[in-house]
Amino acid sequence: MKYLLILFFTLWLAGCTSNNKTYKVGVSQCSEDIWRHKQNRELAIGNYSNDNIDLQIRSADDDDKLQAKHINDFINEGVDILIVAPNKATTLSEVIDKAYDKGIPVILFDRRTNSEKYTAFMGADNYKVGKTMGELIAKQMQGRGVVAEITGLVGSSPAIERHRGFADALKAYPGIKVVSSALGDWTQQSGVKAMNDILRHTSHVDCVFGHNDRLAMGARQVALAHGMTHIKYYGVDALPAKGGGIELVQKGIMTASYIYPTHGVELMKLALNILEGRPYKRINTLQSAVVDKANADILLLQYREQSRISDEIDHLKTKLDVYFTKVNTQQLIIVVFVLFLVIVIVLIILTYRAYLGKAKLSDELQNRNNELETLYKQLEDMADSRLLTFTNVGHKLRTPLTLISGPAEKLYADENIQGESREMVEMMHRNLAKLTALVNEILDIKYVTEPCQDNESMTLDAEWPKDEETAVPAAQGARPTLLVVDDNAEIRALLRTMLKNSYDIVEAADGQQGLDEARRTVPDLIVSDVMMPVMDGLAMCRKVKADAVTGHIPVLMLTARTLEEQRAQGYAHGADAYLTKPFSTPVLLARIQNLLQQREMLRRIFAQSVSTAQPTTEDTKAQQLADKSGVPLAEVAEVNTFVEKLRSIIQSHLSDSDFNVERIGEEIGMSRVQLYRKTKSLTGMSPVELLRKSRLERASQLLRTTDRSISEIAYETGFSAPSYFAKCYKEEYGMSPGEMRNEH
């Protein structure tokens, strides 16, 4: 193997450095099949050692007109040599003669034409193939029985020669009856048609001879369908690929096959000999042999070794192609570099004297540049320091502004305040707005010439919502739970006052407490400050989103940071919304309501799907849910994964009456409390309710689609007693199981 690779490398180098004429080789294949693919690959391998060959292969898919067109195209393109496997001898002789008459060398391979106008022929002796297989079959049949012959494409020289050789071999055996079908066209499907044709006239067949292995396998398909299992099958090609003739013989599916050699490498060598004027033989008959059970194993081993070597050659060629591409690129770079170097040297010589005269001035300019760079660095450091100082000051200023703005808005919205008090409240409201704008103008350094027009910033002209406007969730049942995380107790108190009419409030004083509380209570939404001790809000948000228990919870960040890159940092950590201090109460309430409504839409969808037997994603993709609800795709995917896992666990234990919430928690990896809260949050139902609903839906399906008794269905769906099942069923559907069955 080592010497083979060295030889190949040497040939490749020789080919790459040659300046020979480039030859255009046109190959016209009559069909597309495994045998042709193997030969095409061998042609390519045979061309590896020549960089002056332009190899073009076209297949006619057994279409005479298409192959004639391909050959005419090759003639018009001026190919230097034409290699043809004619589909039919009679119909393609004329166009092949045309190429020969125009002075184009023609090599016929595998098949012949009705003309002698060709330069060389390469192929097996098809008469010998047919005769050898006829003698083998006659010997194994002991001179008696019925043999079915399925020929190849009518008019093709291999089919004609193989039939003639087969018939001549059986003349010596009068005890063998031959039934033939000319419906074959080399494909397995045509073998099916031919065998059906034979069985319409013959009820008994002892063996089948197909002009190739695919025809024999098509006949076998029909015979097995008729219950005929005693037939022996013989073919031609004996391809060594997976599912080919050698493997079929090895497995005993075929009794024997005849290797029909491809020899693409030798075919390419013959073409090169003709093109370069070297001696060659006009008739090149390829030798072959029969494949039977005795030699199938060794032939397969030989093929695998050849395939391994071919793969290594392909790999080596690829590496060589890359190498020579790099070499050519490097040569181009060297040429360009040399030219550039010459230009540089000329310029240096021309400017040398001027450079000497201006050296002192250049030194002074360099010193000045160094001073300017130092000054610029100092100014940059001062700007960074100022930005950091303003950010810290902003956090301190915005917190008291937030504490003032909330109560001020509520007073401003109170219609009971009149007279002088109203004037004072309005004055306070106006000046608070001016103070907020002034703070924003001072702190938003990056946007001094273009003031921020952020709709999420504080807008003191907005109206304070009435209590009845912020009450959607309580009217429907249990109120949503909000977790407020802020290190400032007064901010937490203000938020509690703003939100307590509509939500149950849980509080935490820093990010670590917030994370622990989120895992413990599994709230519906988290409102959090960013700058906090122990753990800041960004780190807490990232950990909340990464936790299987809390990953579905929306997070709204409140912060004094106003720069866009700071906002981007918040969203990058998983925040769902971002409001700056001081914030507008109506905007805060609206944003919370929108986030909860988005999750409510998902909750309704997943509540319908978790108790069914089919996965959610069959009808509703995660991307579609994200587009519809506005919830980020990553979060929808995480929720969908959890719901699908929960659905799968429940569906797989429906018949187990002892299956309970504790076992669901064990399989899904959560405590009973965490499982309850997350399931309730995502579907609106507890795990117990989901389990019961899933069992009832399965029972309802069985009532409609089976004739099992109600007691059998009750036990099969995990109910401990039919009476309890009937009670639960009527509560869920408003009718008894018997009434449901009668209705359907």
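This is a predicted model: local features need pLDDT of at least 70, side-chain atom pairs count only at pLDDT 80 or more; totals for chains, interfaces and linings use all residues.
Started with helix α23, residues 687-705: 19 residues, and I get 27 Å from its first C-alpha to its last, close to the 27 Å expected at 1.5 Å a residue.

Next I looked up burial along the helix. In α23 I find P687, L690, L691, S694, R695, L696, A699, S700, L702 and L703 buried. I kept the helical repeat in mind here: with 3.6 residues a turn, residues three or four places apart point the same way.

Then I turned to the packing against helix α25, residues 722-733. How do the two axes cross? They come within 10 Å of each other, at roughly 95°. An angle of 65 to 115 degrees counts as roughly perpendicular, so I logged α23 as roughly perpendicular to α25.

I listed who makes that contact. From α23 I have R692, K693, L696, E697, A699, S700 and L703, and from α25 there are F725, C728, Y729, E732 and Y733. Of these contact residues, L696, A699, S700 and L703 also stand on my buried list for α23. Sorted by class, the contact has seven nonpolar residues, four charged and one polar.

Last entry, the rings. I count six aromatic pairs. For F719 and F725 the ring centres sit 5.1 Å apart with the planes at 55°, so I put the pair down as tilted. Are these two residues buried or exposed? Both F719 and F725 are buried.

Terms used: Residues are numbered from 1 along each chain as its sequence is written. Side-chain values use heavy atoms; hydrogens and water are left out. Helices (H or I, at least four residues) and strands (E, at least two) are DSSP runs, numbered from the N terminus. The expected span of a helix is 1.5 Å times one less than its number of residues. Buried means under 20% relative accessible area, exposed over 50%, partly exposed in between (1.4 Å probe, protein chains only). Axes are lines fitted to C-alpha atoms, for helices over the stretch in contact, and angles run from 0 to 180 degrees between N-to-C directions. Angles under 35 degrees count as roughly parallel, over 145 as roughly antiparallel, 65 to 115 as roughly perpendicular and the rest as oblique. Contact means heavy atoms within 4.5 Å. Ala, Val, Leu, Ile, Met, Phe, Trp, Tyr, Cys and Pro count as nonpolar, Asp, Glu, Lys and Arg as charged, and the others, Gly among them, as polar. Rings of Phe, Tyr and Trp (its six-membered ring) pair if their centres lie within 6.5 Å; planes under 30 degrees apart count as stacked, over 60 as edge-to-face and the rest as tilted.
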